[in-house]
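Student: Before we look at anything in detail, could you show me how to read a ligand site and a domain boundary with some care?

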Amino acid sequence: MTFKDLQLNPSLLKAINDQNYIHPTAIQKKAIPLVLNQFDVLASAQTGTGKTAAFALPIIHHLVKERGGNKIKALIVTPTRELAIQIGENFTDFSKYTTIRNTVIFGGVKQGSQTNKLAKGTEVLIATPGRLLDLIEQGFISLKDVAYFVLDEADRMLDMGFIHDIRKLLNLLPKERQSLFFSATLPKNIINLSSQILKQPKKISVNPLSSTAETIKQYIYYTNKSNKKDLLLHILKDEKINQLLLFSRTKHGADKIVRNLRKKNIQASAIHGNKTQSQRQKALQLFKDSQIRILVATDIAARGIDIEKLSYVLNYDIPNESETYVHRIGRCGRAGEEGVAISISEPEENGYIKIIEKLIQKDIEVILNHPFPQTDKPMNTKEKKEFEKQKLKRKQEFFANRNKKKKDARKKFK
Ligand code: AMP
């Protein structure tokens, strides 16, 4: 099957050709005809399956046919700024031979340039929920002409606590519209939400979340917590690893990893929620341009970012939710390219590996021969409780200390 068989507008076919897409991916084959035929769609698809084009192409096709106008006719709501920017780039690429314009809005930056762009008129609006509601309240945006509504990464949206924003938004959308709902996973709360948005939807699914792409080779190193830093340096001796996306559970951990790598003259940068939007964009661009070898990211910051031909992903810690593992390693080996996913497990995380293997229904290949084997034992329940207690105590002391310092400083200032 080719894109021509999908009966898309010739200007879209030309743009698709420029992107060097030859065959539609599975989600595109399933979704595009349904969207063209005006059905609501409930799609379960992982990132990396080509889902952006699966909704962007038929929406642009409809808009071209309806001759655009400068009202917002298509609204795409997505959880993160990175994803919003990327979807915007895709719309720009696909609509380059049409007059359809798109605008991307997200929080964390001044609104001026966004509202200026909105004032010029746009047919497609790509937005994160908070900024969208904010600009609606300020009167910069009206949703009354929206005919196509896409809720992207719905599961992540709920994880990030956007449910109230989405409910508010639904009340502002015209009842007559076509809605598309994309989510990597479809647990009960997601199905419930989808039923409030979609009308007699067609359900489609590709690569259920439990499946990791066949093209991704997965390896695991078992080591001790204290050796992770050195093991990482050992792994990085392999010069084949020229571009690595490294996942860290915490922002603090991400910064620490970057500091350690830089000490060894390995170029690395971090992206996470404490970084400004421009810092995040800069780090991502440097990484895409191969100016830095390692991008260290937290899960939320990395969600949805698309790095063409990324071959290596490393889990510096093992996620306690096995779906997160699938999302993480799905950053590499995209659209059929080969990828390698490496994980480093400390004793406390060994149990998570077992759960992940159950979900993906395969054993991850263990690298036995390395200089930092795991010798520590996982803690038993009693030890774990004590450890958590001490950790909490340390945290409380830290905050008490910090508050006291702040108070003292304020007193001095007065
Ligand atoms: P997405 O899941 O939308 O983030 O897409 C993942 C990656 O696959 C992006 O780099 C797209 O440019 C690429 N892609 C999407 N559709 C196709 C296609 N039909 N052929 C080749 N690459 C594609």
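Tutor: Let us begin with the polar contact, which is a pair of N or O atoms within 3.5 Å; within protein, one must be able to donate a hydrogen and the other to accept it, and residues adjacent in sequence count only if both atoms are side-chain atoms. Here a polar side-chain atom of Thr52 lies 2.6 Å from an oxygen atom of the ligand, and one of Tyr21 lies 2.5 Å from an oxygen atom of the ligand, whereas Gln28 places a polar side-chain atom 2.8 Å from a ligand nitrogen atom. The protein covers 83% of the 500 Å² of accessible area that the ligand has on its own (Shrake-Rupley method, 1.4 Å probe).

Tutor: This is a predicted model, in which local features need pLDDT of at least 70 and side-chain atom pairs count only at pLDDT 80 or more, while totals for chains, interfaces and linings use all residues. Residues are numbered from 1 along each chain as its sequence is written, and side-chain values use heavy atoms, with hydrogens and water left out.

Student: Which residues come nearest to the ligand?

Tutor: A residue is near a molecule if one of its heavy atoms lies within 4 Å of it. Of the 15 residues around the ligand, Tyr21, Gln28, Gly50, Thr52 and Asp306 come nearest.

Student: How much area do domain 1 and domain 2 bury between them?

Tutor: Buried area is the accessible area (1.4 Å probe) that two parts lose on being put together, summed over both. For domain 1 and domain 2 it is about 1,600 Å², 46% of it on carbon and sulfur atoms. In domain 1, Glu82, Gln86 and Arg156 lose the most area to domain 2, together 36% of what that side buries.

Student: Which side chains meet in a salt bridge?

Tutor: A salt bridge is a side-chain nitrogen of Lys or Arg within 4 Å of a carboxyl oxygen of Asp or Glu. Those of Arg280 and Glu82 meet in one, at 2.8 Å, N to O.
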